[in-house]
Amino acid sequence: MNRRTLLTIGKAVVIIVILMAVVFALKAPAQDLNAFNDADSKALYTDSSGLPYFSEMDSYYHLRLTESYVDTGILGDEVINGTQMDMHRNAPDGRPWDYTPGIIYLTSYLYDLANQYLGHYSVKEVAFWTGAIISTFAVIPAFIFARRITNDYGAIVATLVIVLAPNYFAHTFPGFFDTDMFYYIFPLLFVFFFVESIRSDNWIWKILFAVLSIVSIGIFSITWSGWIFYVAMMGLFAVLYLIATFIFNVDEDRNQYPNALQWLIHNKEFLSIVAIGVIAFAGLALFKGVNSVIGIFTQVFDLLNLQSASTVVGGFPNVLISVAEMQMPSMLGSGMNSMFLASTDGFINGIGGIAIFFAGLIVLYILVSRAWKFRKVHQKPVVTQEKPGKGKKAKKGKRVSAAEKLDNSRKFKLSLADLKFGGDDDILSNKRLTVLYATLFVVWVVVTALAVSRGSRFITTIVLPFGLMAGVFVGYAWDYIKNRFDNDKWMTVAVLFCGFLVAVPLATINTTYGIVGFVIIAAIGLASIYVLKDNSADKNHVPIKKYVLIIAVVLALITPSICGAWNISNNQVVPGTQDNMYNALTWINETQPENTVITSWWDFGYLFEHAADRQVTFDGGSQSGDRAFWLGKAMTTDDLELSAGIFRMLDSEGNRAVEYLINITDSPGKSVDILLDILPMKSGDAEKALTSKYNLTSDQAKQLIKYTHPENPRPVIFVASSDMIIKAGWWSYFGSWDFENQNSTNYNYIMPYDTLKVEPGKSGNLSMREEGGLTVNLEVKRGTANNTTEAHVESVYTDTGEPIKVNDTPYNPYKASRLITVEDGYLTKNETIKGCEDGNFTLLLLGQDNVYTPVLMQKELENSMFTKLFFYGGAGQNIFEPVHSESGVMLFNVNFNNTKAGS
């Protein structure tokens, strides 16, 4: 290995190490919770060990499983009939453990490694950093893949655009312990080795690359359930590439064969793909089993169909429509400068901004157009012959390293010169590579674009092709700048435009940074063009102004991603929970029976399972099906007997009653109507109603009653928390589901961020909401005597403060018809607001020591179970007993003995 080879390899290693250091340095500040300006707020979101709480709930699911695996050596809680069961989920039966274990295996290994060599660390401490550390290694496959098809400049751009992609970065900083960390590492390796296997002319290398490709996707299959997406994508690519080689007459001239079948048999691309297919089937069968491999395309359809156009699943509302990442993303975020920024606000922002988007499209267009121009050109395979003098070694200073030869001979070259179709060798070489990469990137972009249309969670997939194409674009730009771009005026325009693209994202961090960044790029660029004159006569010499321009292009493309990452780490990281919730769950863990079930909306289910160490009704991985309806109905209804009956049925007998009744009626809607009728009843009355009113047989009624009215219901704790106020639109939507018309209506609470202080004999106003130029104001007027507080809501123009009128009639879409005031713990008023009888809202005014918190709610929520428990503290009833409270969190024990059904 000569010196130049070592330098080539060393340069790549140095670049990779530097990029990894940059990426990790951008992730690390997330641990500091810089989004909070005061120590008290940071302390609220930091646990007793000094670590911030994890940033989202899935992290607690993975943490619980990892801790269990480290302690017990099994992935579930217990083994039942040979099946590992997770008994923290889906009361009362739990769920078979069927999750991808890669994150658990890896973290437990890192835990052992850390404690063996670095000191004493808990599983939680190791898990806190695992995502940030592992995701940083995505730099390696990203750089290698990009460097294979472009130059160093392009590889740097592609790597940073990919690894700092906002939707990926926002899920891989310290404190985010989820499978997202694997999203880029193994798919990049899989696609890279897959393509290399096709490209290679040596069968040993071809088979080796195929094996590495399958090993990569095999490992990915135990780290993320969506691995089949990439298998299906590359399968589609292989088929379309074979079709393209036939259409464009790549490799063997199809005109020399009597039919397409004969051509196909002799086509080396076909033989390559067959070899990959055989190795893939055998390899994946070892990782996942034969049945899983056979069902790949069915599974990928199911993956893309997570967000169905229908809002119904099995007759019940589809809860996935309420999951933010399952909504189709917008193209751009809001604001004039949004298109130049990298963020999670929209599709274009998610791939790194408008410059990356157009850079990718330009490369895609060039690839397709070049392939089309090649369609009528065919050359026989070139056989390398020894040239005169080949037996003699070149002088030592003129020798080309083996690495450089490989780089130059195998690199996919993209330049304007190629468009003119040079010599025969170039035509053959570039034709095959052009068709190969044109097919790859077209399939990659189209398939991932389809995925993005199913939900914003898939934006991470489309970043890969656009990031790589942005790298190719830089390689093309450097080739063009170096060989053909000599106009100083246009070079000045290009430098200034690049300075602008750098300045806009820098300004989101600090306006001064943006200005300084633009000035520096402009000054250096202009100086290199007009001051530093280069008069070298060497034709191969590249003027410094061209180096300055390509560096400006690189900065223009990567700055949005770097700034976006910096903003996420320093301004947007807020843990998913805080002391108040965690303390309440710790109280459950320390005081409540082990068979207690925690019930609430699904969002915090994973946290409940970990912190309270108790089973839950449903969580973030089991929120689909009928449970969203039943929990929504329990919180929306004004009948607390029904709410308790729902919890008794679900948490003690699960879905048995629903499934049993649907088998009898063959109608989810009719089954629900029957259950809603009988759940508040005593068991005897319910059994009579089933036989006399709903025509069930005596045996059917008795069996159903066992499921709806169990003799020994499990203890249930209902968690009411402040986050559920803003989620009311969703839980009320599911709880108000109309089974006949298959639709629903949602109801909401409106609360301002601030409170209002009003002394006796004074008045005050508070803005409760602003939208579309309309401001909703609360007006409060207090007398000096008891029970004299008056309040109403009015809508005014935001700009002028004048009341809104339509046809000279006051217009107020948020008019409150009823006022309820609770002052210093006492209900002081519950009456209709004069002149507002036609309003659709109720105004609840909670006062303590002259400070008022207003709650504007739609009438349908006025007497709902959640309103009674959270806002009134459960006063005036004895079914839901308040047992513990923290700020913003209230725990209620469901006392079934105080219900009619339990008495």
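These legends accompany close-up views of a predicted model.

**View 1. The protein chain as a whole.** The predicted model has 34 helices and 21 strands in its protein chain. Of the 903 residues in the chain, 53% count as buried. Among contacts with a separation of 6 or more, 67% come from residues 24 or more positions apart.

**View 2. Helix 1 packs against helix 6.** Helix 1 covers residues 3-27 and helix 6 covers residues 139-149. The angle between them is about 135 degrees, and their axes lie 10 Å apart. The two helices are therefore oblique to each other, and their crossing is right-handed. Helix 1 contributes Ala12, Ile15, Ile16, Leu19, Met20 and Val23 to the contact, while helix 6 contributes Val139, Ile140 and Phe143. Sorted by class, the contact of helix 1 with helix 6 has 9 nonpolar residues, with no polar and no charged ones.

**View 3. Helix 9 packs against helix 10.** Helix 9 spans residues 185-199 and helix 10 spans residues 203-221. The helices pack at an angle of about 160 degrees, with 8 Å between their axes. Because angles over 145 degrees count as roughly antiparallel, helix 9 is roughly antiparallel to helix 10. The crossing of helix 9 and helix 10 is left-handed. On the helix 9 side, the contact residues are Phe186, Pro187, Leu189, Phe190, Phe193, Phe194, Glu196, Ser197 and Ile198. They meet Lys206, Phe209, Ala210, Leu212, Ser213, Ile214, Ser216, Ile217, Ile219 and Phe220 of helix 10. By class, the contact of helix 9 with helix 10 has 14 nonpolar, 3 polar and 2 charged residues.

View 4. Strand 6 (residues 597-599) pairs with strand 8 (residues 716-721) in the parallel sense over 3 bridges. Within this pair, Thr599 has Phe718 of strand 8 as its bridge partner.

View 5. Strand 11 and strand 12 (residues 774-781) pair in the antiparallel sense over 8 bridges. Ser767 stands opposite Asn777 in strand 12, and the bridge partner of Glu771 in strand 12 is Leu774. Strand 11 and strand 12 form a hairpin with 2 residues between the strands, in which Gly772 takes a positive phi near 55 degrees. In general, the strands of a sheet pair through backbone hydrogen bonds, either parallel or antiparallel.

**View 6. Strand 16 and two of its partner strands, strand 17 and strand 18.** Of the 8 residues of strand 16 (residues 816-823), 7 are buried, so this strand is largely enclosed by the rest of the structure. Strand 16 pairs with strand 18 (residues 841-848) in the parallel sense over 7 bridges. Leu819 has Leu843 of strand 18 as its bridge partner. With strand 17 (residues 826-832), strand 16 pairs in the antiparallel sense over 6 bridges. Ile820 stands opposite Asn830 of strand 17. Strand 16 and strand 17 form a hairpin with 2 residues between them, and Asp824 in the turn has a positive phi of about 50 degrees.

Note on methods:
Residues are numbered from 1 along each chain as its sequence is written. This is a predicted model: local features need pLDDT of at least 70, side-chain atom pairs count only at pLDDT 80 or more; totals for chains, interfaces and linings use all residues. Side-chain values use heavy atoms; hydrogens and water are left out. Axes are lines fitted to C-alpha atoms, for helices over the stretch in contact, and angles run from 0 to 180 degrees between N-to-C directions. Helices (H or I, at least four residues) and strands (E, at least two) are DSSP runs, numbered from the N terminus. Angles under 35 degrees count as roughly parallel, over 145 as roughly antiparallel, 65 to 115 as roughly perpendicular and the rest as oblique. A crossing is left-handed if the near helix is turned anticlockwise from the far one by less than a right angle, and right-handed if clockwise. Contact means heavy atoms within 4.5 Å. Ala, Val, Leu, Ile, Met, Phe, Trp, Tyr, Cys and Pro count as nonpolar, Asp, Glu, Lys and Arg as charged, and the others, Gly among them, as polar. Two strands pair if DSSP finds at least two bridges between them. Buried means under 20% relative accessible area, exposed over 50%, partly exposed in between (1.4 Å probe, protein chains only).
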